[in-house]
Amino acid sequence: MFKAKCINHSFALDARQYINDIPIAPGYVVMAVIPDLNKLKATQAFQPRVPVSLLSNIQDFIKERCSPFVRFRVMNPRYEGVNFCIKVKLQKGRDVVFFKEKLKQDLREFLALGQSENMIN
């Protein structure tokens, strides 16, 4: 595990139930656990998740130490997709197919790194 963020007064609804964060839920605490990004496989870099066994261990550890009146839940973060449209003009004589794929890959890597840096700060 790398970092954890506690969010109080939150139900932590899943994506199918989620509408907005306005409803306040006194007594509820959610802990979002973020794994160490340096130890992830390349396929996990876009939506890093902690194994369920570790989430369960954290849940048990915290529940033993917090008030019985707190409704505590440990979970992986919920990620939101980003859609955007860009226009690129290549220099004459450049391979359009190659640079289109190169740009897609570079954007994926940039967004993945930007996402992890935002979590760290």
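Biologist: What is the accessible surface of the protein, and what share belongs to carbon and sulfur atoms?

Modeller: Happy to start there. This is a predicted model, and its accessible surface comes to about 10000 Å², with 57% belonging to carbon and sulfur atoms.

Biologist: Which pattern does the protein follow along the sequence?

Modeller: The order is β-β-α-β-α, made up of 2 helices and 3 strands. Of the 121 residues, 19% count as buried. Among contacts between residues at least 6 apart in sequence, 64% join residues at least 24 apart.

Biologist: Let's go inside. Which residues make the largest nonpolar core?

Modeller: That core has 7 residues: M31, V33, V50, L55, I58, F72 and V74. The elements giving two or more residues to this core are β2 (28-34), α1 (52-65) and β3 (71-75).

Biologist: What makes this set a nonpolar core?

Modeller: To be called a core, the residues must be buried, of nonpolar kinds such as Val, Leu, Ile, Met and Phe, and joined through side-chain atoms within 4.5 Å. The set from M31 to V74 is listed as such a core, so its members count as buried by that definition.

Biologist: Why is Q59 called buried?

Modeller: Buried means under 20% relative accessible area. Q59 has 18%, so Q59 is buried. Q59 is found in helix α1 and, leaving aside neighbours within four places in sequence, is in contact with F72, R73 and V74.

Biologist: How many salt bridges does the structure hold?

Modeller: There are 3 salt bridges. Side chains of opposite charge can pair when their charged atoms come close.

Biologist: What makes E64 and R65 a salt bridge?

Modeller: The pair needs a side-chain nitrogen of Lys or Arg within 4 Å of a carboxyl oxygen of Asp or Glu. For E64 and R65 the N to O distance is 3.3 Å, so the pair qualifies under the 4 Å limit. Both E64 and R65 are exposed.

Biologist: How far apart are the N and O atoms where the side chains of D106 and K102 meet?

Modeller: They are 3.1 Å apart, in a salt bridge. D106 and K102 both lie in helix α2, 4 residues apart, about one turn of the helix. D106 counts as partly exposed because its relative accessibility is 32%, and K102 is partly exposed because its value is 40%.

Biologist: How many disulfides does the structure hold?

Modeller: The structure holds 0 disulfides. Taking two cysteines by their accessibility, C6 is partly exposed because its relative accessible area is 48%, and C66 counts as partly exposed because its value is 26%.

Biologist: One last pair. How far apart in space are F2 and D36, C-alpha to C-alpha?

Modeller: F2 and D36 are 4.5 Å apart in space and 34 residues apart in sequence. F2 is found in the segment before β1 (3-8). F2 has 42% relative accessibility, so F2 counts as partly exposed.

Key:
Residues numbered from 1 in each chain as written. Predicted model: local features only at pLDDT ≥ 70, side-chain atom pairs only at ≥ 80, totals over all residues. Heavy atoms only, no water. Buried < 20%, exposed > 50% of the residue type's maximum accessible area, 1.4 Å probe, protein only. Contact = heavy atoms within 4.5 Å. Areas by Shrake-Rupley, 256 points an atom, 1.4 Å probe, with all protein chains shown as cover. Disulfide = S-S within 2.5 Å.
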